[in-house]
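Me: I would like to learn how to read a fold step by step. Could you take me through one?

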Amino acid sequence: MKVSKLFILFFVAMLAIVTQNTQAKVVYTGEIGKKVIGYNGPTPLNITITGGKIANIEVMENEESPKYLKKAIKHIFPKYIGKSVSEALKLKVDAATGATYTSKALIENIKLGLQQSQTSKSKARATKKRRH
């Protein structure tokens with residue numbers, strides 16, 4: 001009986017660790033990137049981070065031309081998807097030819113969002129340390 005209780009406790013602990021590491025976090029750049037302007041205005045993003053890696057980047061409502069936005073997304077987003085936050089922050093990504101302003105705005109919003117995710121993570125760690 002002791003062995004099965006021990007196994008159950010171990011299993012629950014491991015499940016909690018796995019769940020914590022794979023929990024998705026979405027960073028919205030609308031507020032922090034409101035001064036980042038593409039060709040026609042702000043280009044807010046939702047950046048999904050799962051297990052410390054960028055899982056998805058989604059462009060939110062904006063005024064960019066769909067043709068140029070699509071070109072910039074196709075060129076930029078694949079360079080970030082799958083990278084860890086620290087790897088992505090070190091990337092030097094060029095703008096898509098013909099969609100320079102939109103590209104630069106997307107790149108800047110991605111960087112701001114990733115920096116925000118690191119800041120909120122370190123604040124959470126500091127809060128946990130203070131409670132102990």
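**Reading the fold**

Reply: Gladly! The protein chain holds 4 helices and 3 strands, where helices (H or I, at least four residues) and strands (E, at least two) are DSSP runs numbered from the N terminus. This is a predicted model, in which local features need pLDDT of at least 70 and side-chain atom pairs count only at pLDDT 80 or more, while totals for chains, interfaces and linings use all residues. Residues are numbered from 1 along each chain as its sequence is written, and side-chain values use heavy atoms, with hydrogens and water left out.

Me: Which pattern does the protein chain follow along the sequence?

Reply: The pattern is α-β-β-β-α-α-α.

Me: How do I read the sheet, and what is the order of its strands?

Reply: Strands of a sheet pair through backbone hydrogen bonds, either parallel or antiparallel. Two strands count as paired if DSSP finds at least two bridges between them. Here an open sheet of 3 strands has the order β1-β2-β3, with antiparallel pairing. The edges are taken by β1 (24-28) and β3 (53-59), each with a single partner strand, so one side of each has no neighbour in the sheet. On average, neighbouring strands are turned by 20° against each other, direction ignored; axes are lines fitted to C-alpha atoms, for helices over the stretch in contact, and angles run from 0 to 180 degrees between N-to-C directions.

Me: How many bridges join β1 to β2, and how many join β2 to β3?

Reply: β1 and β2 are joined by 5 bridges, with Val26 opposite Thr48 in β2. Strand β2 (residues 45-50) is joined to β3 by 6 bridges. Across that pairing, Leu45 faces Val59 in β3, and Ile49 stands opposite Ile54 in β3. β2 and β3 form a hairpin with 2 residues between them, and Gly51 in the turn has a positive phi of about 60°.

Me: Is β2 mostly covered or mostly open?

Reply: Mostly covered: 5 of the 6 residues of β2 are buried, meaning under 20% relative accessible area, with exposed over 50% and partly exposed in between (1.4 Å probe, protein chains only). Helix α2 (residues 66-80) lies across β2 and β3, running at about 170° to β3. Across the protein chain, 30% of the 132 residues count as buried.

Me: Which residues touch the most other members of the largest nonpolar core?

Reply: A nonpolar core is a set of buried Ala, Val, Leu, Ile, Met, Phe, Trp, Tyr and Cys residues joined through side-chain atoms within 4.5 Å. In this core of 20 residues they are Ile57, Ile76, Tyr80, Ile110 and Leu114. The elements giving two or more residues are β2, β3, α2, α3 (85-90) and α4 (100-131), and α2 gives the most, with 5 residues. Leaving aside neighbours within four places in sequence, Leu114 is in contact (heavy atoms within 4.5 Å) with Ile47, Ile49, Ile54, Val85, Ala88 and Leu89.

Me: How many aromatic pairs does a search of the whole structure find?

Reply: The search finds 1. Rings of Phe, Tyr and Trp (its six-membered ring) pair if their centres lie within 6.5 Å; planes under 30 degrees apart count as stacked, over 60 as edge-to-face and the rest as tilted. The ring centres of Tyr39 and Tyr101 are 5.9 Å apart and their planes meet at 45°, so this pair is tilted. Tyr39 lies in the loop between β1 and β2 and Tyr101 in helix α4, so the pair ties together parts 62 residues apart in sequence. Both Tyr39 and Tyr101 are exposed.
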